[in-house]
Amino acid sequence: MLNIVMFGAPGSGKGTQSDMLIETYQLFHISTGDVLRDNIKRGTELGKTAKDYIDKGQLIPDELMTGILASVVDENADKARNGVIFDGFPRTIAQAEALDKMLAERGTAISAVIGLDVPEEVLVARLLNRGKEQGRSDDNLETINDRLKVYHNSTAPLKQYYEEQGVLHMIKGTDTPADVFNRIKAELDPLV
Ligand code: AP5
Ligand code: MG
């Protein structure tokens with residue numbers, strides 16, 4: 001199994017690259033942000049809880065998020081036979097520890113963490129542009145700044161966590177999506 005964690009700031013290209021990677025490696029894509037936005041759209045209890053956090057650029061509490069992730073993994077076990085791309089999870093050390101434990105209980109582990117490195121001014125420009133084009137509720141300047149703060153405080157420490165595990169592959173996340181994809185592929189091909 002090829003289990004990949006996409007790691008990077010808001011707007012770094014996690015979703016864009018995941019869409020390309022699932023085609024090439026036949027993986028199952030789990031974006032926790034997409035799962036939450038789908039729940040908001042359907043008006044579920046989870047969606048009602050998640051909306052306040054998302055619109056403020058804050059993280060959904062770890063325990064809630066970890067439970068959701070485990071159920072998505074288990075509900076899709078047949079589609080995830082070749083492996084999973086975790087996009088937007090983990091975002092805290094507690095989530096990373098929970099993911100390691102969850103995968104170990106299922107007899108597997110993380111194969112690689114792909115870290116996308118993109119300068120902050122590029123991130124902001126990409127997100128403002130998407131806000132104009134697609135109207136995602138958290139793609140406005142105030143919430144973008146809050147998301148970036150949360151990323152630096154809570155998520156960036158994962159870099160060291162995964163470096164110590166020897167699974168981190170940092171990738172330059174600028175230039176075209178195809179350029180970035182080729183860099184990721186060069187890291188992953190030796191693993192398959
Ligand atoms: P989430 O949906 O994960 O949002 P995010 O991390 O802020 O990241 P984005 O989806 O905005 O960016 P991305 O890295 O996927 O980039 P993309 O490919 O779209 O989370 C949203 C919220 O949900 C969180 O704030 C939190 O509240 C909650 N949440 C989610 N997971 C959680 C968790 N685990 N725990 C707790 N809370 C959680 O690209 C961005 C834009 O740039 C696009 O328009 C794209 O077309 C463009 N682009 C991409 N690549 C390039 C390129 N190479 N060149 C030019 N443009 C590019
Ligand atoms: Mg995304």
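1. Helices and strands here are DSSP runs, numbered from the N terminus. By that count, Q26 sits in the loop between α1 and β2 (28-31). The model is predicted.

2. Look at the backbone of Q26. Its phi is positive, about 55 degrees, and Q26 is not a glycine. Most residues other than glycine have a negative phi.

3. D175 also deserves a look. This residue is not a glycine, yet its phi is positive, near 75 degrees. D175 belongs to the loop between β5 (168-172) and α9 (177-188).

4. One of its backbone N or O atoms lies 2.9 Å from a nitrogen atom of ligand 1. Taken alone, ligand 1 exposes 1,000 Å², and the protein buries 87% of that.

5. Two further contacts are worth checking. The side chain of Q95 has an N or O atom 2.9 Å from a nitrogen atom of ligand 1. At G13, a backbone N or O atom is 3.1 Å from an oxygen atom of ligand 1.

6. Now the whole shell. Ligand 1 is surrounded by 30 residues, and the closest are T16, T32, Q58, R91 and R130. The shell holds 10 nonpolar, 11 polar and 9 charged residues. Which helix gives the most to it? That is α2, with 4 residues. Helices α1 (14-25), α2 (32-42) and α6 (120-134) each supply at least two.

7. Last, the peptide bond between F89 and P90 is cis, with omega about 0 degrees. P90 lies in the loop between β3 (84-87) and α5 (93-105). Most peptide bonds are trans.

Conventions. Residues are numbered from 1 along each chain as its sequence is written. Chains are lettered from A and ligands numbered from 1 in the order in which they are written. This is a predicted model: local features need pLDDT of at least 70, side-chain atom pairs count only at pLDDT 80 or more; totals for chains, interfaces and linings use all residues. Side-chain values use heavy atoms; hydrogens and water are left out. A residue is near a molecule or strand if one of its heavy atoms lies within 4 Å of it. A polar contact is a pair of N or O atoms within 3.5 Å; within protein, one must be able to donate a hydrogen and the other to accept it, and residues adjacent in sequence count only if both atoms are side-chain atoms. Accessible areas come from the Shrake-Rupley method with a 1.4 Å probe; for residues, only the protein chains shown count as cover. Ala, Val, Leu, Ile, Met, Phe, Trp, Tyr, Cys and Pro count as nonpolar, Asp, Glu, Lys and Arg as charged, and the others, Gly among them, as polar.
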